[in-house]
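Here is a short note for a colleague new to this model. Please read the points with the structure open.

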Amino acid sequence: MMNDKNSQKIVDIIQNYARLHSLFVLAYGTGCGAIEIPPTMTSRYDAERFGIRGAATPRQADVLLITGYLTTKTLKRVIRVYEQMQDPKYVIGFGSCTINGGMYWDSYNTIKVLDKYLPVDVYINGCMPRPEAVIAGFVKLQSLIREGKAEGAKLYKDNLEQYRENQKKVIPNWVMPEYNW
Amino acid sequence: MEPILYKVFGAVVTIILAFVVGMTYMGLSRKITARVQNRVGPPVYQNFLDALKLISKKTAIHHGIMQMMGPAFFMVTSIGSLMFIPVLNDGRFFSNLNFEGDLVFLLYLMVFGPLGMALGAGQTGNPNSAIGVTRGLSQMVGFEIPWVMALVALMIQYDTTSIVGLMEAQSASGTWLVFSSPFAFIAAVLAMLGMFRYSPFDIVGAPTELASGPVAENGGKYLFTMMSSNSIFAFVKLTLYVDLFLGGADNLIELLIKTFAIYLIPMLYGLVSPRYRTEQAVRYFWGWPLFFGFLAIMYAVVF
Ligand code: SF4
């Protein structure tokens, strides 16, 4: 039975196992938090032992790591990058700035809550989070994938209208290709 | 068993062997890199997980028919050249389509894979890919010349253009070609540094500079095809070196030891080297490797 429900479940388990042990990270270094990524990846904390490695382009990436505050100008690029990534894809919001604005809570040109614009799977809080916290965030994402709960991309697809509305509210000149995959 | 069925079965086994060995070597190289950098590193089977993840990606966008053809082209030529390599000396089990003159044919065939990749990269329209392709082709002009000279030296010296012929010459004389034509070996090994594209010759992929170059726009199954054909191709090159210079292998263990020994050369050299610029890379290949190539030909003609 190829399309049997149980065999689908087994395939899912195998695929999720591969997905969670091989996360290609596109670190979008927006804010000051980006400085914690190099120590996470290199000798001291060595994220590669979890199968986490850097991806060069959005097409190859699985995880979009948004490291810190987002100005409205960068938000546009981040959305563009997110939409270029291939399904299944995950977003990690890094630092207090992506949760509630952090110390930029009253700034005139940064966004406060990232989740309004992109579906965030895991938040790592702290200003800035240390590499241990970053790795803990990745492990959390791995357990979400294992349980099949990291469905950010599906959420985005289903609620595209709403996300678009929010995005267009802060980005005045909206010239972007349609989201079509 | 029917001979033709037997051959098909042998071919399938050869492909699986090449895939598994190539992927494991890539994983080992990641592990060794990590150990050199004082890290723990990913598990050895990490590349298989990556491959499985890449094929289980749900979507894979493409920009046109050529982008689909590029990786397929690369895969076909990798497997095609694999079919002309005698994996083991007795060649009973692993299939092998060799004929008189297959070394010359292989020289052509081995260039096609990167060319297919170049065509595929051209379609994506990513400027990084275009730069990567031009760099790759210039680098190829660099290392192909010493490589061809080394092979021509072998052909002159032993009066044969077939790989099996060269292997028989080795078993007849009792010494490996490393010792009986050392200059050809040096030229070929120096050319191999460019063929494997580790640093300092990683100017094509150039992770931090070109965003992985020709494969920049390939995700999901395209990246998987590229990755697996790359590992098959790595196995092809390593086995060819072992066949030509180290007297082939009598059994699989010997093959693995010899190929891994050869594989360590570009890998360890890469670990301690920064990246060359394109013109530096080409100049490198037209320096000492070319000199040794000439020396090899003269040695072959004189002796
Ligand atoms: S959370 Fe703190 S460290 Fe991170 S971007 Fe915001 S202000 Fe910078």
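**Surface patch and cavities**

1. V12(B) sits in helix α1 of chain B, residues 3-36. Helices here are DSSP runs (H or I, at least four residues), numbered from the N terminus. The model is predicted: local features need pLDDT of at least 70, side-chain atom pairs count only at pLDDT 80 or more, and totals for chains, interfaces and linings use all residues. Residues are numbered from 1 along each chain as its sequence is written, chains are lettered from A in the order in which they are written, and side-chain values use heavy atoms, without hydrogens and water.

2. V12(B) is partly exposed, at a relative accessible area of 42%. Partly exposed lies between buried (under 20%) and exposed (over 50%), with a 1.4 Å probe and protein chains only.

3. V12(B) also belongs to a nonpolar surface patch of about 530 Å², together with I4(B), L5(B), V8(B), I16(B) and V20(B). Such a patch joins nonpolar side chains (Val, Leu, Ile, Met, Phe, Trp, Tyr) within 5 Å, from residues with over 30% relative accessible area and no salt bridge. A salt bridge is a side-chain nitrogen of Lys or Arg within 4 Å of a carboxyl oxygen of Asp or Glu.

4. What is the volume of the largest cavity? The largest cavity has about 90 Å³. A cavity is a set of points on a 1 Å grid where a 1.4 Å probe fits but cannot get out; lining residues have an atom within 4 Å of a point. Its volume is the space filled by probe spheres set on the points. The lining of the largest cavity includes P114(B), M117(B) and R197(B). Five of its residues, the largest share, come from α5(B).

5. The second largest cavity holds about 30 Å³. R19(A), D62(A), P88(A), Y90(A), K53(B) and K57(B) line the second largest cavity.

Key
1 Å grid on protein atoms, 1.4 Å probe; cavity = no way out; pocket = protein on both sides within 12 Å on 5 of 7 lines; lining within 4 Å. Helix = DSSP H or I, 4+ residues; strand = E, 2+ residues; numbered from the N terminus. Patch = residues over 30% accessible without salt bridge, like charges linked within 9 Å, V, L, I, M, F, W, Y side chains within 5 Å. Areas by Shrake-Rupley, 256 points an atom, 1.4 Å probe, with all protein chains shown as cover.
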